[in-house]
Amino acid sequence: MVRVKDLMTPQAEVISPDATTEDAASVMKTLDIGVLPVCDEDGLVGILTDRDLVVRVLAARRDPKAMLVGEAMTPSVVYCFEDENIERAASVMAGEQIRRLPVLDRNRKLVGIVSVGDIAAHGQSHLGGEILEEVSQPAGSTSEKPTGSDGGLGQAA
């Protein structure tokens, strides 16, 4: 059984909810990434994507130097656990139409991030293809949402 921790990128870059959205955009540019887990002293509190920055900051004509990450982030985070089967993570990604998934340990601390690319690059191309097929569907037209083990959906705190 291939577990999430076998494929994930460990020690994902994170940002504080108290950072400015300008700082977040700068980190994304420097690292050439499109998502930042948002963590405070207690752990994962949200997720910030490049789309969040466009829609909630730029399109809303907010000042990126003044608007905080905590105001722009998505607070309900979909995640998986490092010891879960990669097929479960792929099912969550497909069902939620997302390409990247924060990975938590059982103490709910962020330990990494897994992407469709990570899954496909490590010999799981059939899963990567299934995820991309679901992610590419218009919202609301995917198959059943995954169910199962402890969590995976909702506030991560």
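Trainee: What makes C80 count as buried?
Mentor: C80 has a relative accessible area of 1%. Buried means under 20%, exposed over 50%, and partly exposed in between, with a 1.4 Å probe and protein chains only. So C80 is buried.
Mentor: Keep in mind that this is a predicted model, where local features need pLDDT of at least 70, side-chain atom pairs count only at pLDDT 80 or more, and totals for chains, interfaces and linings use all residues. Residues are numbered from 1 along each chain as its sequence is written, and side-chain values use heavy atoms, leaving out hydrogens and water.

Trainee: Why is S115 called buried?
Mentor: Its relative accessible area is 17%, so S115 is buried. S115 sits in strand 6 (residues 110-115); strands are DSSP runs of E, at least two residues, and helices runs of H or I, at least four, numbered from the N terminus.

Trainee: Which residues does S115 touch, not counting those up to four places away in sequence?
Mentor: M93, R99 and R100. Contact means heavy atoms within 4.5 Å.

Trainee: What is the largest nonpolar core made of?
Mentor: It has 15 residues, and V4, C80, I86, L101, V114 and I119 are those with the most contacts inside it. A nonpolar core is a set of buried Ala, Val, Leu, Ile, Met, Phe, Trp, Tyr and Cys residues joined through side-chain atoms within 4.5 Å. Helix 5 gives the largest share, five residues.
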